[in-house]
Amino acid sequence: MPELPEVEVCRRGLQPEVEGQTILGAVVRSPRLRLPLSATLGETLAGQRVAAVRRRGKYLLLDCRGGVEDGCLIIHLGMSGSLRFVPFATPPGKHDHVDIVFAGQILRFADPRRFGVVLWQAAGEAPHPLLAVLGIEPLGDEFTADWLFAATRRRAAPIKPLLMDSHLVVGVGNIYASESLFRAGISPLRAANRISRERYGQLVPAIRQTLSDAIAAGGSSIRDYVHSDGGAGCFQVECAVYDRAGEPCRRCDGVVRQVRQGGRSTFYCAACQH
DNA sequence: CCGACAACCTGTGAGC
DNA sequence: TGCTCACAGGTTGTCG
């Protein structure tokens, strides 16, 4: 479910609940995820104090201190993952794979499709390979039109799948790639190296704005559970093109089209986007 | 190095 | 109602 905004909303929901709190232990019901879960996660996490809740791309990072070894709990929600707080003794559902137990409540990780990841990274180890290959943060200072223009000079692939390549830029998933390109008036089919520097000057702010708006829209209703349903976020923001094939464009009297790129659905308005 | 594609896994909705 | 198929918000690995 989650792209960058959903993960960031999740992080903000998590932070006030767990920062400074001590983890009593963890329960692993099913270790089968995208990468196998450590069998000793419970012992590793027991007694850890959560020093900070950070985000890198779509990865949540819980910095931990004071257990058997300092380190970082890395969580990725994959396509269908979610985190929520539940009271003690709440019976686990079919896809509730991991519990992280705090003094007053349980942080429960569920993931029907098992594309998610829960990993322990010990302090002092080399950065985990999953994180080491990540590109730059789209809401960070480095993400500029000049940078994106330079990074795409040798890329003949269509711009939309490139925006979704986390080795280049992190966090832009299938929904927000389509939405950002609509906002910038750029066709998702256009070769990345045939987009001018000036038009990247439109695209970069469009991506930032699209992500920021989505974070702001999702950021309202967080309290005792962690929001990770991008669908709900999308309803709140009202998508311009995503999942609106055949429906009227919101900007002109055209119709939203759907095509397939890299095995994923892309939505756009051929009249508004070139 | 680049780009296209299959694969991982489970659930859901559409169509017959 | 029940079956089958296509598709779903991510990422990696393989192949040409």
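**View 1. Twelve salt bridges turn up when the whole structure is searched.** A salt bridge here is a side-chain nitrogen of Lys or Arg within 4 Å of a carboxyl oxygen of Asp or Glu. This is a predicted model, so local features need pLDDT of at least 70 and side-chain atom pairs count only at pLDDT 80 or more, while totals for chains, interfaces and linings use all residues. Residues are numbered from 1 along each chain as its sequence is written, and side-chain values use heavy atoms, with hydrogens and water left out.

**View 2. R55 and E8 pair up through their side chains.** The N to O distance is 2.8 Å. R55 sits in strand β2 (residues 49-56) and E8 in helix α1, so to speak distant parts of the chain, 47 residues apart. Helices (H or I, at least four residues) and strands (E, at least two) are DSSP runs, numbered from the N terminus. E8 counts as buried, at 6% relative accessibility; buried means under 20% relative accessible area, exposed over 50%, and partly exposed in between (1.4 Å probe, protein chains only).

**View 3. R55 also bridges to E137.** Here the closest N and O atoms are 3.0 Å apart. E137 lies in the loop between α3 (129-132) and α4 (145-151) while R55 belongs to strand β2, so this pair ties together parts that are 82 residues apart in sequence. Zoom out a bit and there's a network of salt bridges linking E8, R11, R12, R55, R56 and E137.

**View 4. D63 meets R54 in a salt bridge.** Their closest N and O atoms are 2.8 Å apart. D63 is buried, with a relative accessible area of 11%, whereas R54 is partly exposed at 39%.

**View 5. Helix α6 (residues 174-184) is largely enclosed by the rest of the structure, because ten of its eleven residues are buried.** Among them are Y176, E179 and F182.

Key. Chains lettered and ligands numbered in written order.
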